Amino acid sequence: MASDVIDLQAAINAVSDVVQNRPRPLREFDQIYMKTADMVLQSEFIARWADGKRLAFIGDGDAISVCVAYLRQRGIFGYGPASITVFDFDERICNAVTRFAEKEGLESLSSTLYNCLDPFPGPCDFDGFYTNPPWGASNAGESVKVFMQRGMEATRHGGEGVVVVADDPELEWPKLVLANLQRAALDAGFYVQRLMPEVHSYHLDDAPDLRSCNVILRALPGNAREGASAAISDPVRIANFYGRQGDPIVRYIRETARLDYGKANETEYALELLESPK
Amino acid sequence: MTEILRPGVGFVFMKVGTHAGEELDDIIARKQREIADAGYALWGYGGNTCHPFNTVQPFARDYVRRDGVIYLVMQPMTSRHSAPPARAAEFSRDGVTWEQVPHAINVLGSRYAIAIDELRPEAFDLPLEHTKVAIGTSAGRRGDRYISGRVDKGCLELDDDGLPTGPSVTTVRIGLVARMVEPYAVLVRSPLLDQDPGRMAAEVLDVAGET
């Protein structure tokens with residue numbers, strides 16, 4: 001039986017370790033990071049929801065995957081997924097996951113460089129998926145549906161998933177996206193098992209009050225099926241994928257190698273020396 | 001009465017003041033000279049709102065297609081901005097291809113810039129509660145709720161009803177306007193400040209491939 005008691009200070013400090021390891025976000029690709037307190041709560045929820053399961057993260061700039069694995073390994077959570085694989089098109093994120101897993105001995109955590117417009121590379125025997133995709137403000141949620149589709153494929157359409165999307169009662173577009181998400185989920189043989197409204201906030205200067213929700217999906221009985229994954233090239237599906245900038249043109253974000261990862265870069269400062277003693 | 005604020009008009013709103021240690025009046029004079037010399041100028045800005053190619057460019061194209069013109073309207077204010085006045089050497093429309101900034105144009109201490117070909121003082125009131133955000137994650141939010149706190153600029157649209165006939169509680173005083181020109185907004189960078197080896201490099205999709 002998993003313990004319900006969590007050392008909050010230890011949890012926040014552990015998440016702080018993860019935040020320190022993350023690459024800086026690229027807004028042009030809708031990389032918008034969740035605030036730290038919400039990361040703690042989200043990690044606890046995901047660890048509990050996915051206890052003992054094999055979990056695929058379809059994109060994970062927030063590093064919830066790392067938090068879940070790390071807090072479990074540190075004994076802060078008494079539960080968590082059996083394994084986690086992060087699929088992301090940003091090599092900086094994949095390498096940050098790998099670096100942290102190696103440093104902390106997180107053997108259940110790994111990453112794969114993958115662009116969700118390409119066919120899903122497998123394996124497809126995951127029990128569940130998690131995605132916090134581009135929220136689709138400019139394409140009625142089509143980008144959300146693409147990430148969700150890859151998550152479903154990772155479970156052979158027979159598992160469970162959590163999709164994190166915008167949730168704001170004042171704005172129209174999040175409602176449209178949520179409706180389209182639910183429609184697409186039903187079409188794919190999944191149903192909305194639960195919805196947790198307005199639970200996360202973000203480092204988002206132009207919308208500091210915008211919240212997101214957890215949409216928890218589950219496959220209908222008998223929905224699991226084999227099937228080849230295909231590239232997504234339909235112009236309607238890829239238009240304005242990362243906001244109103246047209247079709248996506250970037251396959252991967254490559255990390256420029258540096259030896260001082262996590263340290264202040266030499267271009268950020270210069271040394272002014274003390275005068276020599278006479 | 002300004003001719004800019006027609007019902008449904010789109011415009012970029014920005015609070016402006018001292019930038020990179022340079023007073024606003026000096027900036028205006030310098031930009032007007034640059035327009036005279038080069039035909040256009042780049043009005044620098046920063047922050048995490050109004051990203052050039054996923055916000056300003058598509059927004060400006062939409063409204064220019066409809067109305068033929070789009071303006072940057074600016075509210076002068078007292079401010080301090082102490083970013084180093086490094087001159088941008090390159091600009092990019094898409095973050096992938098970079099071009100040299102012409103010698104006649106100087107963008108100082110900025111990450112982004114709006115392209116303009118006319119800059120003039122013009123004073124009028126802008127009732128923010130009669131505007132709404134036109135693009136992005138805050139699309140549909142009322143302008144007066146959006147332009148607050150750390151948010152000092154936005155791509156806004158005036159209500160279809162136009163200007164209110166009665167008093168407005170969230171009016172700001174515009175003092176400067178600029179006509180925007182293609183490519184409307186760009187990224188800019190300075191070699192001295194951007195030699196960070198930790199910066200990302202993009203691997204571009206093969207256009208001839210499946211996408």
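In which sense do β2(A) and strand β3 (residues 109-113) of chain A pair, and over how many bridges? They pair in the parallel sense, over 5 bridges. Two strands count as paired if DSSP finds at least two bridges between them. Helices (H or I, at least four residues) and strands (E, at least two) are DSSP runs, numbered from the N terminus.

Before going on, a note on the model. It is a predicted model, in which local features need pLDDT of at least 70, side-chain atom pairs count only at pLDDT 80 or more, and totals for chains, interfaces and linings use all residues. Residues are numbered from 1 along each chain as its sequence is written, and chains are lettered from A and ligands numbered from 1 in the order in which they are written.

Now chain A as a whole. Its secondary structure comes to 7 helices and 8 strands. The radius of gyration is 19 Å, close to the 19 Å that the globule rule gives for 278 residues, so chain A is as compact as a globular protein of that length. That radius is taken over C-alpha atoms, and the rule is 2.2 Å times the number of residues to the power 0.38. Along the principal axes, the C-alpha trace of chain A spans about 85 × 50 × 40 Å. Of the 278 residues, 47% count as buried. Buried means that 20 or more other C-beta atoms lie within 10 Å of the residue's own; exposed means 12 or fewer, partly exposed is in between, and C-beta atoms are placed from the backbone.

Next, the sheet. In chain A, 7 strands form an open sheet in the order β3-β2-β1-β4-β5-β7-β6, with mixed pairing. β3 and β6 (190-201) stand at the edges with a single partner strand each, so one side of each is left without a neighbour in the sheet.

Back to β2(A), residues 83-88. Of its 6 residues, 5 are buried, so this strand is largely enclosed by the rest of the structure. Strand β1 (residues 54-58) of chain A runs parallel to β2(A) and is joined to it by 5 bridges. A:Leu55 has A:Ile84 as its bridge partner in β2(A). On the β3(A) side, A:Phe87 has A:Thr112 as its bridge partner, and A:Val86 stands opposite A:Ser111.

What do β1(A), helix α3 (residues 64-73) of chain A and β2(A) make? They make a right-handed β-α-β unit. β2(A), helix α4 (residues 91-104) of chain A and β3(A) make a right-handed β-α-β unit as well. Right-handed means that, with the strands pointing away from the viewer, the path from the first strand over the helix to the second runs clockwise.

One residue in a loop: A:Pro119 lies between β3 and β4 of chain A. Is A:Pro119 buried or partly exposed? It is partly exposed, with 15 other C-beta atoms within 10 Å. Leaving aside neighbours within four places in sequence, A:Pro119 is in contact with A:Ser229, A:Ala230 and A:Ala231. Contact means that the C-beta atoms, placed from the backbone, lie within 7 Å.

Last, the other chain. The contact between the chains takes 36 residues from chain A and 32 residues from chain B. On the chain A side, strand β8 (residues 250-255) gives the most, with 5 residues.

Conventions: Two residues are in contact if their C-beta atoms, placed from the backbone, lie within 7 Å.
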